[in-house]
Amino acid sequence: MNNPDIKHDQIKDDRVYFFDKPRNVKILMQVFYALCALLVVLYFVINRYTYHPWENLWAFYPIYGFVGCVVLVVIAKWMRTFLMRDEDYYDKVEERRLQEISPARSHEEDHHVGH
Amino acid sequence: MWAIELPPFVPFFIAALFAAVTRGRVRSIILLLAPVLGGLHPLTMPEGIYWQTTLLGYELTPYRVDGLSLIFGYAFHIAAFIATLYALHVKDNVQQVAAPLYAGSAMGAVFAGDLLTLFVFWELLALTSVFLIWARRTSRSYFAGIRYLIIQVLSGVILLIGLLFHAADTGSLAFGAIGTGSIGGWLIFLAFGIKCAFPFLHTWLTDAYPEATPTGTVFLSAFTTKVAVYVLARAYPGTEMLVYIGAAMACFPIFFAVIENDLRRVLAYSLINQVGFRVVGIGIGTALSINGAVSHAFNDIIFKGLLFMTMGAVLHMTGRINGSDLGGLYKTMPRTTLFCIVGAASISAFPLFSGFVSKSMVMSAAIEEGYDWIWLMLLFSAAGVFHHAGIKIPYFAFFAHDSGIRVSDPPINMQLAMFIAAALCVTIGVYPSMLYSLLPYDTGYNPYDATHILAQTQLLFFSALAFVWLNLRNMYPPELRSTNLDVDWVYRRLCPGIIQSAVARLAVIGEMNNALVHKIGALSPTLARQFGPDGALSSTHPVGSMVKWVIILLAIYLILSFI
């Protein structure tokens with residue numbers, strides 16, 4: 001569905017921004033991996049107290065966070081197979097009903113993006 | 001002073017009245033003054049009942065102040081101020097009048113001391129907020145608004161029936177702990193549940209909020225569900241069922257959020273997920289968990305408002321909100337990007353941001369009370385929040401692939417509003433004692449100990465690692481232009497479909513009936529003459545002739561009685 005009144009924007013832009021340089025992205029990712037590793041190491045350094053026996057399992061929080069999110073994404077992706085429809089799945093019927101109620105309404109008005 | 005005795009909704013209603021007839025700078029000042037003046041006043045109020053009256057033998061308390069209503073009152077005034085500032089550039093009269101009316105209704109609801117007053121403001125919340133949806137003036141928002149209104153009003157009607165039962169049982173309309181011990185209690189529970197977006201009753205939220213105007217959604221996200229959390233905390237603390245309902249609410253929306261394309265709809269799903277944490281807290285019902293629920297509502301009003309504001313800014317400046325159309329906006333919207341990251345860090349509960357100091361209270365309470373599996377679900381959902389609201393929102397809007405869109409940061413009033421919200425997120429995160437001093441109970445809770453910080457940081461960093469890993473392996477679901485079916489499919493497609501096919505079938509039966517009549521006519525001309533359309537036995541008689549025959553019959557009876 002193309003919105004007719006999208007505000008102008010495809011401007012030609014030759015400037016190079018921070019993340020346009022692959023080197024910056026690489027540095028950022030390396031810092032991130034280093035922090036992840038550091039957090040696992042801290043697990044052995046910091047004197048922790050726990051409320052729950054599961055918390056004492058080796059690297060409980062990192063593994064739970066990682067596995068939890070992978071499972072989340074895999075299930076969500078699978079849900080797409082039976083939940084996903086066209087973008088205008090409901091719109092088709094509703095547009096028709098709107099035409100019945102007020103035939104005078106023009107299409108441009110319908111897609112006006114509010115302020 | 002008499003002005004102090006005025007209930008907090010009054011300044012907002014007066015401001016709405018003036019907003020309807022003023023324009024430009026004058027209107028801006030009036031709109032901003034309402035939450036400021038109104039907000040000064042709960043600050044100075046000691047707890048107590050300020051207005052009581054009697055109606056039909058029932059004691060009504062339209063204005064009551066206590067610890068629980070006060071903290072929501074503060075949060076609502078802050079939210080109203082920020083959202084009004086954010087919407088200051090809007091020239092649409094409908095929105096500028098509806099917004100203060102809506103905010104005022106929320107104030108009225110949290111300071112209501114009896115169920116009838118609550119009902120009135122409950123319905124006003126629905127009636128005033130729907131204009132913020134319709135003001136978008138698209139066919140989608142028109143239908144979404146109608147569905148929203150029907151469901152909200154239905155919730156009000158159920159509340160009304162429930163409170164009538166409750167009043168008949170107890171003889172009082174006072175709004176306090178109700179519990180699910182009676183029919184009235186259950187009906188009120190259901191009414192609250194609809195507004196609270198319980199699973200299967202949640203689709204009004206994900207349907208309508210993303211269709212509202214860029215500024216309208218900021219108002220919507222602040223009030224309706226928070227009023228619902230407030231009334232649940234007052235009427236149903238410690239109701240065990242809420243623990244399970246809340247855990248379900250915290251988990252299921254994150255799956256939808258991961259595959260949703262409209263970024264404001266992603267936030268709407270994440271709104272339900274955050275309400276889930278609070279519902280669990282209310283269900284557990286200990287001092288710590290209620291504190292957690294209330295403080296999380298307070299923080300959520302600010303950080304969820306902030307996220308909706310950044311997405312509103314994107315929509316306002318680009319006219320687009322689908323993840324598939326956006327990307328690379330950090331290049332020309334650096335401030336909005338920064339505000340969005342602060343909001344994302346707050347909702348994900350990073351240490352030093354506001355979500356951290358409140359969400360953990362509910363989780364700690366769940367462990368203390370032995371809800372192991374609930375705790376695991378909340379932990380999963382905390383990781384999932386970071387995944388969809390913490391990473392997905394900023395990533396697909398501001399980074400990801402470059403969409404080629406180059407727009408500047410939004411108008412100064414929007415930036416200022418986002419700045420205030422972001423500053424509050426960080427301030428509360430760094431100095432949680434400010435927030436804790438407002439809470440209804442004193443639990444001496446301290447979120448900043450090494451174990452807790454480490455655990456939360458590990459959880460979040462490895463969720464992020466999962467996102468990176470999935471992206472690198474191309475397993476992350478791409479943003480697709482699509483509609484995902486949810487429970488609203490039942491009333492948007494299934495039921496209308498069933499009714500349409502039923503009507504069509506009835507029409508077929510009608511035609512068969514007609515055909516049968518003709519066949520019978522052909523079969524027996526005599527019968528047809530008697531019973532047909534012009535037949536003697538199927539003719540209709542005027543009333544006069546009926547009366548004549550009744551008189552004749554009565555006369556015969558009279559004569560017979562003499563014999």
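This is a predicted model: local features need pLDDT of at least 70, side-chain atom pairs count only at pLDDT 80 or more; totals for chains, interfaces and linings use all residues.
Trainee: Is Arg137(B) buried, exposed or partly exposed?
Mentor: A residue is buried at 20 or more other C-beta atoms within 10 Å and exposed at 12 or fewer. Arg137(B) has 17 such atoms within 10 Å, so the class is partly exposed.

Trainee: What is the phi of Ala197(B), in the loop between helix H7 (183-195) and helix H8 (203-208) of chain B?
Mentor: Most residues other than glycine have a negative phi. Ala197(B) is not a glycine, yet its phi is positive. The value is about 65 degrees.

Trainee: Is Ala197(B) buried or exposed?
Mentor: The cut-off for burial is 20 or more other C-beta atoms within 10 Å. Ala197(B) has 24 C-beta neighbours inside 10 Å, so it counts as buried.

Trainee: Which residue in E2(B) does Trp51(B) stand opposite?
Mentor: Strand E1 (residues 48-55) and strand E2 (residues 58-65) of chain B pair in the antiparallel sense over six bridges. They form a hairpin with two residues between them. Opposite Trp51(B) stands Tyr63(B).

Trainee: How far apart are the end C-alpha atoms of helix H11 (residues 263-284) of chain B?
Mentor: H11(B) has 22 residues, which at 1.5 Å a residue should span 32 Å. The distance in the model agrees with that span: 32 Å.

Trainee: How many residues of H11(B) are buried?
Mentor: H11(B) is mostly covered. Gly285(B), with a positive phi near 80 degrees, follows the helix. Within H11(B), the buried count is 22 of 22.

Definitions and conventions
Residues are numbered from 1 along each chain as its sequence is written. Chains are lettered from A and ligands numbered from 1 in the order in which they are written. Two strands pair if DSSP finds at least two bridges between them. Helices (H or I, at least four residues) and strands (E, at least two) are DSSP runs, numbered from the N terminus. The expected span of a helix is 1.5 Å times one less than its number of residues.
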